[in-house]
Amino acid sequence: MESSLASVGPKKFIGGHTMSALPRAVSLLRSATLEDGSVVDVEITGDTVTGVRPAGDASSAAASETLDLSGFVLLTAPAEPHAHLDKALSWDLIDPPMGDLGLAIESWKNYSATMTVESIADRARRAALMLLQNGTTAIRCHVDILSGDSPLRGVQALVQVRDELRELMHIELAALAGPTIPTEDIEAALDLGVDLVGGAPHLADDQSADLQRLLAIASRRGVGVDIHTDESLTGGYTLAELARTVRDWPESMPVTAGHCVRLGTLDLDEADAIIDEVLASDIGIVTLPITNLYLQGWQHPVSTPRGLTAVRRLLDAGVRLGAGADNVRDPFNPVGRSDALETASLLVTAGHLTVPEAYTAVSRGARLVMSLEPAGVAVGAKAELLAVRGANLTDVVANAPADRYVIHAGRLVAFSEVTHHTALPTRSIEPTELLLEKR
């Protein structure tokens, strides 16, 4: 399958050799800088990294399968553990009110009644390819089961997009069922090929009852769950109940809780008790800074809370922690660049994580939450890789350069290059003058 991203540059010279249309097999990456500052050559066989050697020590490979990554930092490719591709890029179409979760839900429900399978698939496809262009090679997408006579339009569209992009990226689907969605519609979504049961029990009048309904469906079908959990700053919470209910579930039925905003507002002893329950059940937690920083706190004009889950305490406790972008330019968030580096930067700023911790949350951590095989620059790891022009990881996260190479399953599936033109000063400035200005 040839991606539309091939139009970025069907012919590009790297080391004097012509790059063919994408996707393209890659067996050798030369002179790549790693997070620790070392410069290496990376050998790839099929979809797996088979060698990591000091730069210049790798065996030769065909020119058409070699990338020179001098000046690029090579990283584990990001994974997006919590997307809404069916909603993405709809902000301008809906023109919704800002800053209210309830109004966002209402405006989305009204608009969704007008959507067709084709219109949903078109936006979802574009949103997925934007993520791929920026380096994300795996996505978990929550797809709404809609109200009305055709509740599975979104599911049908996302199954179609998943199949279309199968050779370019990994996509898995969770059925997002609100409290009023009939159980038979959730079952029908699973029959169409949805991978996980999802929902938002915190929106129900009886949160426990809706949570138990969703878990019962998943248990009966033998599939995992990914639940929108406690997405509010106040009120009740269900994370501990979720953890206790799935305590004995097998590894083949993974459990994920997204948002978990309420956890970040609890006192330390209460939060730590819930985190112990999460650890005991090995629940993966997904924090979503872009949307939760946007949606939460509008009712608090003074000392506005951050609206994130307890990322530091979860991480220090050893919980599987991933981070995602959640909504991109839809009623729940008017902005977003479909770039994991944006999410990582916000985790540093608002979550007080270190830069390496923040990038791990959007890459290795996200893959752990999604139960994907280990990937990155290590022998035996899957060749899911992102190379970004920069000096080091901090430089890459801070500046998010657009110059990138994206490798999925050992094949180059996207690359981007940017040319900058900046005016120079009319009079050259001597170094001594700059020094005096700084003083």
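Helices (H or I, at least four residues) and strands (E, at least two) are DSSP runs, numbered from the N terminus. With that in hand, let's begin the tour.

**Before you click**

This is a predicted model, where local features need pLDDT of at least 70, side-chain atom pairs count only at pLDDT 80 or more, and totals for chains, interfaces and linings use all residues. Residues are numbered from 1 along each chain as its sequence is written, and side-chain values use heavy atoms, with hydrogens and water left out.

**Stop 1: colour by confidence**

Colour the chain by pLDDT, the predictor's confidence in each residue, from 0 to 100. The protein chain averages 92, and 93% of the residues score at least 70. Now select residues 1-18: here the pLDDT is below 50, and the stretch has 40 contacts in the model beyond near neighbours in sequence. Contact means heavy atoms within 4.5 Å.

**Stop 2: Thr-343**

Select residues 340-349, which form helix 11, and find Thr-343 there. Is Thr-343 buried or exposed? Thr-343 is buried, with a relative accessible area of 2% (buried means under 20% relative accessible area, exposed over 50%, partly exposed in between, with a 1.4 Å probe and protein chains only). Next, show Pro-289, Ile-290, Ala-323, Gly-324, Ala-325 and Val-362, which Thr-343 contacts once neighbours within four places in sequence are left aside. Ile-290 is 53 residues away along the chain, yet its C-alpha atom and that of Thr-343 are separated by 6.8 Å.

**Stop 3: helices 3 and 4**

Select residues 117-134 for helix 3 and residues 153-164 for helix 4; they pack at an angle of about 45 degrees, with axes 8 Å apart. That makes helix 3 oblique to helix 4 (angles under 35 degrees count as roughly parallel, over 145 as roughly antiparallel, 65 to 115 as roughly perpendicular and the rest as oblique). Show side chains where they meet: helix 3 brings residues including Val-117 and Ile-120, and helix 4 brings residues including Leu-158 and Val-161.

**Stop 4: Asn-134**

Stay on helix 3 and pick Asn-134. Asn-134 is buried, at 16% relative accessible area. Leaving aside neighbours within four places in sequence, its contacts include Arg-337, Asp-339 and Arg-404.

**Stop 5: Leu-190**

Finish in helix 5, residues 183-191, at Leu-190. Leu-190 is buried too, with a relative accessible area of 9%. Which residues is Leu-190 in contact with, leaving aside its neighbours within four places in sequence? They are Leu-196, Val-197, Ile-217, Arg-221 and Val-223.

Definitions and conventions: Axes are lines fitted to C-alpha atoms, for helices over the stretch in contact, and angles run from 0 to 180 degrees between N-to-C directions.
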